[in-house]
Amino acid sequence: MKKTLSIIALSIIGLGLVSCKKENQQAAAGAEAANITDSTAGATNLAPTDSAAAPAANTAEAAPVSNQPLTSVALSENNFDFGKIKKGDKVEHVYEITNTGKNPLVISEVKPGCGCTAPDFTKDPILPGKKGKITLHFDSSSFDGNVQKYADVFANVDKAPIKLTFTANIQP
């Protein structure tokens with residue numbers, strides 16, 4: 001019985017790692033095809049443009065419904081490049097979000113595309129004209145080479161979720 005449970009547990013963990021790597025390869029391929037650049041820095045209500053990086057069915061099911069009045073936002077950037085990092089490094093980046101609308105901005109959830117990424121974000125309402133932060137923490141232990149990851153930010157904006165992405169070149 002213990003042996004069976006151990007095998008099941010290891011299988012689940014293994015599937016999690018494999019799906020994370022598979023998602024990584026799909027995201028990287030999609031990014032290359034779309035040639036993602038940060039030409040939209042400061043744009044309002046950035047929406048995902050790469051359907052390969054974020055399966056629409058998965059995003060639609062997870063979209064929290066907000067009963068808050070809508071507002072608009074500007075990001076300091078929506079894509080960040082960590083450059084070369086060593087395999088096993090745990091890195092983080094802070095994305096600054098500014099409420100450019102007339103209603104308080106409420107970030108209800110930040111949902112990363114992979115278990116290797118963990119979010120922190122401003123939980124209190126962000127008043128008009130004020131800034132909040134979204135931090136993405138990335139654990140590179142399971143990856144090699146170039147990777148691209150994302151997180152969807154659900155908030156009371158017209159075109160939610162807002163997609164934040166980052167890239168890294170993981171060295172042995």
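Start by selecting Thr98. Is Thr98 buried or exposed? At 18% relative accessibility, Thr98 counts as buried, because buried means under 20% relative accessible area, exposed over 50%, and partly exposed in between (1.4 Å probe, protein chains only). Thr98 sits in strand 3. Strands here are DSSP runs of E with at least two residues, helices are runs of H or I with at least four residues, and both are numbered from the N terminus.

Now show the surroundings of Thr98. Leaving out residues up to four places away in sequence, Thr98 touches Ser72, Val73, Ala74, Gly129, Lys130 and Lys131. A contact means heavy atoms within 4.5 Å.

A word on the source: this is a predicted model, where local features need pLDDT of at least 70 and side-chain atom pairs count only at pLDDT 80 or more, while totals for chains, interfaces and linings use all residues. Residues are numbered from 1 along each chain as its sequence is written, and side-chain values use heavy atoms, with hydrogens and water left out.

**Stop two: salt bridges**

A salt bridge is a side-chain nitrogen of Lys or Arg within 4 Å of a carboxyl oxygen of Asp or Glu. How many salt bridges are there by this rule? The count is three.

Select Lys131 and Glu96. Their closest N and O atoms are 3.2 Å apart, in a salt bridge. Lys131 lies in strand 6 and Glu96 in strand 3, so the pair ties together parts that are 35 residues apart in sequence. Lys131 is exposed, with a relative accessible area of 54%. Glu96 is partly exposed, at 30%.

Next, pick Asp152 and Lys163. This salt bridge has its closest N and O atoms 3.0 Å apart. Asp152 belongs to strand 7 and Lys163 to strand 8 (residues 162-171), so the link ties together parts that are 11 residues apart in sequence. Asp152 is buried, at 5% relative accessibility. Lys163 is buried too, with a relative accessible area of 9%.

Then go to Asp144 and Lys87. Their side chains meet in a salt bridge (3.1 Å, N to O). Asp144 lies in the loop between strand 6 (131-139) and strand 7 (145-155), and Lys87 in the loop between strand 2 (79-86) and strand 3 (90-99), so the pair ties together parts that are 57 residues apart in sequence. Lys87 counts as partly exposed, at 36% relative accessibility.

An open sheet of four strands runs in the order 2-8-7-4, with mixed pairing. Two strands pair if DSSP finds at least two bridges between them. Strand 2 and strand 4 (107-112) stand at the edges with a single partner strand each, so one side of each is left without a neighbour in the sheet.

Zoom in on strands 2 and 8. They run parallel and are joined by six bridges. Select Ile85: its bridge partner in strand 8 is Ile170.

**Last stop: the whole chain**

Zoom out. The chain has two helices and eight strands, in the pattern α-α-β-β-β-β-β-β-β-β along the sequence. Of the 172 residues, 38% are buried. Among contacts between residues at least 6 apart in sequence, 71% join residues at least 24 apart.
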